[in-house]
Amino acid sequence: MAKQIVCNKCGKVFDQWDLNAEAGLWIGLGYGSKHDGEGCDLDLCLNCLDELIDSCVVSPLYEQNRGEGCSCQSCE
């Protein structure tokens, strides 16, 4: 049986849509965080990812055709 992935925020077991989106994040937390020195492996279902994106004051979204609207260093 395949390993199930569970959303860290709501506890939902990922369905096919969530698995296809691969909405995960790994961060090594450092100085200034109350979790200094810990790693964070965060899996979010699409609903929780949408909630996170919608809660941002500055949008993290960019156009998928890369370059237009993207501010990452590789597109500048």
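Q: Before we go on, what should I know about the model?
A: This is a predicted model, where local features need pLDDT of at least 70 and side-chain atom pairs count only at pLDDT 80 or more, while totals for chains, interfaces and linings use all residues. Residues are numbered from 1 along each chain as its sequence is written, and side-chain values use heavy atoms, leaving out hydrogens and water.

Q: What is the mean pLDDT of the protein?
A: pLDDT is the predictor's confidence in each residue, from 0 to 100. Where it is low, the predicted coordinates should not be read in detail. Here the mean is 85, and 82% of the residues reach 70 or more. Among the elements, β1 has the lowest mean (85) and helix α2 (residues 46–55) the highest (95).

Q: Which pattern does the protein follow along the sequence?
A: The order is α-β-β-α, made from two helices and two strands.

Q: Which residues form the largest nonpolar core?
A: A nonpolar core is a set of buried Ala, Val, Leu, Ile, Met, Phe, Trp, Tyr and Cys residues joined through side-chain atoms within 4.5 Å. The largest one here has five residues: C7, F14, L44, C45 and C48. Beyond its neighbours within four places in sequence, F14 is in contact (heavy atoms within 4.5 Å) with residues including C7, L44 and C45. Across the protein, 11% of the 76 residues count as buried.

Q: With those cysteines around, how many disulfides does the structure hold?
A: A disulfide is a covalent bond between the sulfur atoms of two cysteines; the cut-off used is a pair of cysteine sulfur atoms within 2.5 Å. The structure holds zero. Take C45: its sulfur is 3.7 Å from the closest cysteine sulfur, in C48, so that is too far for a bond. C45 is buried, at 1% relative accessibility.

Q: How many salt bridges does a search of the whole structure find?
A: Look for a side-chain nitrogen of Lys or Arg within 4 Å of a carboxyl oxygen of Asp or Glu. The search finds three. One of them joins K9 and E51, at 2.7 Å from N to O. That pair links distant parts of the chain, with K9 in the segment before α1 and E51 in helix α2, 42 residues apart. K12 also pairs with D15 at 3.3 Å, N to O, and with D18, where the closest N and O atoms are 2.9 Å apart. Shared partners join K12, D15 and D18 into one network.

Q: Is D18 buried or exposed?
A: Buried, with a relative accessible area of 2%. D18 lies in helix α1 (residues 16–21).

Q: What is the phi of E22 near?
A: Most residues other than glycine have a negative phi. E22 has a positive one, near 50 degrees. E22 is in the loop between α1 and β1 (24–28), and is exposed at 67% relative accessibility.

Technical notes. Helices (H or I, at least four residues) and strands (E, at least two) are DSSP runs, numbered from the N terminus. Buried means under 20% relative accessible area, exposed over 50%, partly exposed in between (1.4 Å probe, protein chains only).
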